[in-house]
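Student: I'm new to this one and would like a close look at a single part. Could you walk me through it slowly?

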Amino acid sequence: MVMMRRLLLLLALAPMFALPRPRSPIRTPTLHKNIAPPLLEVACLRGGGGGVSAVEIIDALKSAVAAWFAASVVYLTTLQWSDTRQSASQQPLPDLGFQFVPAVAGAGAAADVLGSAMALYLVGTGIFGGAAGLECFRRSLVYCAGGMLFSASLHTATMLPDSDPAPPAPDALERAHRRFGGSRVGRLAAGLGRFAKFVQRFMGGATDKLMSNHVYNTGLAAHFMAVRGVIPRFCVPLWVAGYSVLILASRCHYTADVVLSWWALAAVCAYDAGCPGA
């Protein structure tokens, strides 16, 4: 039994440290050729926007934004549908990761702040990074859309009860409202608490989100930071490991959700290694 557990642990950790094989930028995957016009491939290889007009770049970005928006609608719609089918009698499932990572109040909020910062980095790369940066941003939108569709297919097919959460942010804001009463701080806490509860219901309520999109998307951002030379490539698995621990501490996901995101991220990074400039 001990050997079996060790083998399962190694299989779970394998995708975090799977490094994509280096390929020639000319050997571009077929899917990428269909999605990205050759002009952007040339621009990414040159590292600038020479010979590429703003209109052509915007036109190339439109399809990626449309794919991301459509996938977002599918993802959120399936979450709401899954929540309506969720049974109130379902109890949280036992989880091996929760035995090693203690629940920490505020870990979910910290994960959201870090995730938002990584998303802002990708947007900034698209705006200020020239044609090469815009191409990285475009690819991140396509991969993010694929991740949402993958996640939607999982929580639509199998409904899991919400994991045993750490003290949620809405409760902390309600306590702050009771403490400060009708003062400006109290009113602010009450408003933020109502907004947090709305977001909680909007994101599926008590339905577990199979595959952690937080880990997947922030891992994508770290991957493109490495592609751009902002961080060394070995920092990507370290970031994913640390952020995964934060997600487990928040009790927003089961360990299986985190492991699924590792495999999905490893597959996308291996595919992206064949794209120009990667």
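Student: Let's take Asp 272: does it count as buried or exposed, and at what relative accessibility? Please go on from there to the salt bridges around Asp 272.

Tutor: Happy to. Before we start, this is a predicted model, where local features need pLDDT of at least 70, side-chain atom pairs count only at pLDDT 80 or more, and totals for chains, interfaces and linings use all residues. Residues are numbered from 1 along each chain as its sequence is written, and side-chain values use heavy atoms, with hydrogens and water left out.

Now to your residue. Asp 272 counts as buried, because its relative accessibility is 0%; buried means under 20% relative accessible area, exposed over 50%, and partly exposed in between, using a 1.4 Å probe and protein chains only. Asp 272 has a salt bridge with Arg 139, and their closest N and O atoms are 2.6 Å apart. To count as a salt bridge, a side-chain nitrogen of Lys or Arg has to be within 4 Å of a carboxyl oxygen of Asp or Glu. This pair ties together distant parts of the chain, with Asp 272 in helix H12 and Arg 139 in helix H7, 133 residues apart. Helices here are DSSP runs (H or I, at least four residues; strands are E, at least two), numbered from the N terminus.

Follow the chain of partners from there. Arg 139 is buried too, at a relative accessible area of 1%, and its side chain also meets that of Glu 135 in a salt bridge (3.4 Å, N to O). Those two sit four residues apart in helix H7, so about one helical turn separates them. Glu 135 in turn has a salt bridge with Arg 138, at 3.0 Å, N to O. Arg 138 and Glu 135 are both in helix H7 as well, three residues apart, which is about one turn of the helix. Glu 135 is buried at a relative accessible area of 2%, and Arg 138 is buried, also with 2%.

One last stop in the neighbourhood of the sequence: Tyr 271 forms one aromatic cluster with Tyr 143 and Phe 224. Tyr 143 and Phe 224 are both buried.

Terms used
Rings of Phe, Tyr and Trp (its six-membered ring) pair if their centres lie within 6.5 Å; planes under 30 degrees apart count as stacked, over 60 as edge-to-face and the rest as tilted.
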